[in-house]
Amino acid sequence: MKLNVNGTDHQIDVEDDMPLLWVLRDVLDIKGVKYGCGIAACGACTVHLNGDAVRSCQIAAADAVGFEITTIEGMGTPDTMHAVQSAWVDLQVAQCGYCQSGQMMQAAALLQSIPRPTDADIDDAMNGNLCRCGTYPRIRAAVKQAADTLAKG
């Protein structure tokens, strides 16, 4: 099957029902997407399918064929970061950092659908992304900063 990940087509030979998470991590060696729970309850494995945030642990590889899959590695680079990534760095959001790629992917999808989110919008969108370190106030502040940056163009 052919998967488009971060703008590159990859021909892979895996079982159709292999979770996208494992294809990304183990077959394509893309390590930004993390395994957290395996039941879509924590958000550590969040990626985008055509811009929508999804839990890659619950998406079968075959179901991702034909979609543009974006991981944290596809959002930006250290030299040209996405506004969400820049806000995370500026506000030192990460503590341990394990959940942060999923947090940023969820935040970027939120800002695509609601460019100027309220606190309630942020809380609703980020609700399924868990942070064991409790950096939720910094996450909310970073989402707001990213929204401001994106609004300025």
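This tour visits a threonine, a helix and several cysteines in a predicted model.

**First stop: T71.** Select T71, in the loop that links β5 (68–70) to α2 (72–75). T71 counts as buried because its relative accessibility is 0%. Display its surroundings next: beyond the neighbours within four places in sequence, T71 is in contact with V5, N6, L24, I30, V47 and M105. For L24, which lies 47 residues from T71 along the chain, the distance between the two C-alpha atoms is 8.9 Å. Then show the side chains of T71 and E73, which are joined by a polar contact of 2.6 Å.

**Second stop: helix α3.** Select residues 83–90, which form α3, and colour its buried residues: A83, V84, Q85, A87 and W88.

Which cysteine sulfur is nearest to that of C37? The structure holds zero disulfides. C37 accordingly takes part in none, and its nearest cysteine sulfur belongs to C42, at 3.7 Å. With a relative accessibility of 26%, C37 counts as partly exposed. Finish at C57, whose sulfur has that of C45 as its closest cysteine sulfur; the separation of 3.7 Å is too far for a bond, because a disulfide requires the two sulfur atoms to be within 2.5 Å. C57 counts as buried, at 11% relative accessibility.

Technical notes:
Residues numbered from 1 in each chain as written. Predicted model: local features only at pLDDT ≥ 70, side-chain atom pairs only at ≥ 80, totals over all residues. Heavy atoms only, no water. Helix = DSSP H or I, 4+ residues; strand = E, 2+ residues; numbered from the N terminus. Buried < 20%, exposed > 50% of the residue type's maximum accessible area, 1.4 Å probe, protein only. Contact = heavy atoms within 4.5 Å. Polar contact = N/O pair within 3.5 Å; in protein donor to acceptor, adjacent residues only side chain to side chain.
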